Amino acid sequence: MEFFELAKNRYSERLFDQRPVEQEKIDKILEAGRLSPTAANLQPQHIYVIQSEEALEKARSIRVSHFNAPLMILVCYDADEAWSNPGDEYYDEYNSGEQDATIVAATMMYEAEELGVHSVWLRGFNSKNVAEAFDLPENMIPVMMFSMGYPDEESEPHPKLHFSRKPLEDTVTFL
Ligand SMILES: Cc1cc2nc3c(=O)[nH]c(=O)nc-3n(C[C@H](O)[C@H](O)[C@H](O)COP(=O)(O)O)c2cc1C
């Protein structure tokens with residue numbers, strides 16, 4: 001599908017069919033993420049594919065709004081591997097990890113959509129609980145999770161959350 005159509009048609013999925021997502025599609029989604037740009041190409045992202053019943057149960061137990069999806073993906077970055085410039089006098093001090101993880105996640109989201117796999121971006125979780133549940137090393141910072149899968153036949157975009165977009169003039173300034 002042409003990219004603009006894909007962007008226009010995508011909506012956050014919160015009503016999943018329980019059909020598992022085929023491994024070859026999961027692999028393609030992950031591969032698209034791997035091709036993302038990252039600061040200085042340092043690739044600090046780490047992706048946890050939550051697909052076993054045991055791992056999904058852990059996600060449910062920490063009150064992530066998982067929407068009963070058959071697949072979840074947790075996107076983190078390794079704070080020790082992300083680009084940073086401590087003490088740099090010319091730029092703001094900055095660690096690229098969150099932006100790196102975000103562009104990886106966005107790329108995976110659109111690849112999934114292209115493959116007919118719907119998703120919802122989730123940040124409604126407590127990072128400490130996520131780190132504990134999945135035994136993340138200290139330097140591994142959770143950024144976001146996806147619930148992913150095929151849409152239920154009753155699925156539709158959320159009537160309140162999906163449809164309204166600000167006009168461009170509210171969010172863009174031509175200088
Ligand atoms: C940073 C971010 C955090 C979000 N967190 C959640 C969340 O925790 N739970 C949820 O149901 N949706 C979450 N969403 C999805 C948004 O609510 C949704 O993208 C927005 O309402 C627009 O709707 P649409 O995706 O259907 O176009 C999040 C989206 C973003 C970008």
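At 68% relative accessibility, D135 counts as exposed, a label given to residues over 50% relative accessible area, while buried means under 20% and partly exposed lies in between (1.4 Å probe, protein chains only). The structure is a predicted model, in which local features need pLDDT of at least 70 and side-chain atom pairs count only at pLDDT 80 or more, whereas totals for chains, interfaces and linings use all residues. Residues are numbered from 1 along each chain as its sequence is written, and side-chain values use heavy atoms, with hydrogens and water left out.

D135 sits in the loop between α5 (127-133) and β4; here helices (H or I, at least four residues) and strands (E, at least two) are DSSP runs numbered from the N terminus. The phi of D135 is positive, near 55 degrees, in a residue other than glycine. Most residues other than glycine have a negative phi. N41, also not a glycine, has a positive phi of about 55 degrees and belongs to the loop between α2 and β1. R63, which follows α3, has a positive phi near 60 degrees.

Helix α3 (residues 53-61) has A55, L56 and A59 buried. These residues lie on the same side of α3 because they cover an arc of only 100 degrees around the axis, taken from the directions from the helix axis to the C-beta atoms. Their cover includes β1 (45-50), β2 (71-78) and β4 (140-149). On the face turned away from this buried side, α3 carries the exposed residues E53, E54 and S61.

I29, in helix α2 (residues 23-34), is buried, with a relative accessible area of 0%. Leaving aside residues up to four places away in sequence, I29 touches M108, E111, A112, L115 and M148, where contact means heavy atoms within 4.5 Å. The C-alpha atoms of I29 and E114 are separated by 9.5 Å, although these residues are 85 apart along the chain.

Turning to the ligand, 14 residues surround it, the closest being S12, W121, G124, H162 and R165; a residue is near a molecule if one of its heavy atoms lies within 4 Å of it. An N or O atom in the side chain of R14 is 3.0 Å from an oxygen atom of the ligand. A nitrogen atom of the ligand lies 3.0 Å from a backbone N or O atom of W121. For a backbone N or O atom of R123, the distance to a nitrogen atom of the ligand is 3.1 Å. Taken alone, the ligand exposes 620 Å², of which the protein buries 66%, with areas from the Shrake-Rupley method and a 1.4 Å probe.

Terms used
A polar contact is a pair of N or O atoms within 3.5 Å; within protein, one must be able to donate a hydrogen and the other to accept it, and residues adjacent in sequence count only if both atoms are side-chain atoms.
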